[in-house]
Amino acid sequence: MPVGSDVLVVGAGSAGCVLAARLSATGRRVTLLEAGGRGRNPLLRVPLMTGVLLRSRYANWFYHTEPEPGLAGRRSFWPRGRVLGGSSAINGMVWARGRPSDYDAWAQAGLPGWSWDDALRAFRGIERFAGSVSEWHGSDGPLPITDGGARHPLLDRFVQAGAQAGHGLTADFNAPPYEGVGRYHFTIAGGQRWSAARAFLDPVRRHANLRVVTGARALRVLVRNGRALGVQTTRGLFHAEEIVLCGGAVNSPHLLMLSGIGPADALQAHTIPVAADLPGVGRNLQDHLLVRVEHAATQPVTLQSLTRVDRAAAALLRALLFRSGPAASFPLAAGFFLRSDPALEEPDVQAHFLPGLTTATLRVPGLAGPARAGEGHGFMANVCQLRPHSRGTVGLRSADPLAAPLIQPNYLSDPRDRAVLRAGVRLLRGIFAQPAWDGVRGAELQPGPEVQSDAALDAWIARTADTVYHPVGTCRMGREGDIGAVVDARLRVRGVAGLRVADASVMPRITSGNTNAPSMLVGHRCADFMEEDT
């Protein structure tokens, strides 16, 4: 039987949780729909479980891209959170808000309300920062932001080596000058992950005007005479005066197209009646692509021993019972924001350092396949291009709402992206060559000492590059007259009354860093706009 609400929020991820919580505080009747479960598994709160959760089918949409020409025909694995909290329940928990220029560029492109001043005001309302109070951070918001608690001597060596390589150091990537080598902030507190659901939903879960419905996969938005009236789900039909899609950069454009909102030719090819011809739906897909520089270690001082089953189990038990030990933090805790070319005005590459080898092949019984012991001690850092030029698409595989969407990122289709990644590899090699690593640095395992020329690096990048899990842009904002824009500056879908999109898909250009914080910003600003419009 249809359920009526003032607002229907579709998707309880980073943006959806913020939006639903803030709207419920205004007294509106809010229904929040989530395709996944409630996320009661205690393993979701253990920070080191990230490497497993990202590669497990548990709480995960488990998407894959189409074969990528720029990646030697490989398919990329794209995990997306499917649980209360969305991807914030399975991600790396890094809190990197981006640069002021990211948001000022949005505002200068004709999107009022999205300047850095607007963004900073919202971020301060979101954050409960554990550091010293300053104009750059909030101190009484719902979401705790800390240094994550990771302590390891190789993290200190990475920062020291960065200074030896001539790079500036920073104590806060989220404050001026927003660049250098240093340590990250995380959505970790008390040795546990703080997802968007835990920070924003849990405090308001008992509000009589907030209904949270899990296991409700959205199938289509019902549109009649140019107005969105409700959403058909696997748990029935839900009506509301206003509907906000918060499914993320994959699911939001997919749901719009299933509902007849998107490029008319693509919809007609699947015999979907056109409710609104919006050519930009599913276009403008952007993502951060990384490569890893790995070294063997000459001493057993890395985290590789934790890939042994008995030690991993002991660390997990300690984290669950006492919220302490190596599993109670996330080890990719040091990194950099640097310029691949000193002539650039701002950083264009980002790195994360791990005092161990990649966890990309780690498996745990019952969650992600058979367990695997470590293959020797080592350490690594990944590097990605912050503002890629390549653009991809999200499209329909069929009119079946249960069929996975077609994801084609078109990685490295613009040759400028390869050049920046090559420069990033050379920056990391310069850091790993410094005296700080003497006594622990073994042979370079990846790319390998024989991979030096541009051509050799390009071939290696094509064989090994991987996503950083930061897709954005597929329902992008734009000003009036912008034919490719899906939503306006207040996140209202063009040509469909009563419908908005509020998640990473609305970003016209990817931000300079991890995208969880900017996604929460979008949810926060959407609540502002809806309150103002009322």
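Mentor: Gladly! Asn-410 lies in the loop between β22 (406–408) and α10 (415–432). Keep in mind that this is a predicted model, where local features need pLDDT of at least 70, side-chain atom pairs count only at pLDDT 80 or more, and totals for chains, interfaces and linings use all residues. Residues are numbered from 1 along each chain as its sequence is written, and side-chain values use heavy atoms, with hydrogens and water left out.

Trainee: Why is Asn-410 called partly exposed?

Mentor: Buried means under 20% relative accessible area, exposed over 50%, and partly exposed in between (1.4 Å probe, protein chains only). Asn-410 has a relative accessible area of 25%, so it is partly exposed. Asn-410 also has a positive phi of about 60°, although it is not a glycine.

Trainee: Why does Thr-271 count as exposed?

Mentor: Its relative accessibility is 70%, therefore Thr-271 counts as exposed.

Trainee: And why is Met-49 called buried?

Mentor: Met-49 has a relative accessible area of 6%, so it is buried. You will find Met-49 in the loop between β2 (30–34) and α2 (50–53).

Trainee: What is the omega of the peptide bond from Pro-176 to Pro-177?

Mentor: Omega is near 5° there, and the bond is cis. Gln-446 and Pro-447 are also joined by a cis peptide bond, with omega about 0°. Most peptide bonds are trans.

Trainee: What makes a space a cavity?

Mentor: On a 1 Å grid over the protein atoms alone, a cavity is a set of points where a 1.4 Å probe fits but cannot get out; lining residues have an atom within 4 Å of a point. Grid points are joined across faces, edges and corners, and a volume is the space filled by probe spheres set on the points. The structure holds two cavities of 30 Å³ or more.

Trainee: Which residues line the largest cavity?

Mentor: Among them are Leu-285, Asp-287, Tyr-411 and Leu-421.

Methods
On a 1 Å grid over the protein atoms alone, a cavity is a set of points where a 1.4 Å probe fits but cannot get out, and a pocket is an open set with protein on both sides within 12 Å along at least five of seven lines; lining residues have an atom within 4 Å of a point. Helices (H or I, at least four residues) and strands (E, at least two) are DSSP runs, numbered from the N terminus.
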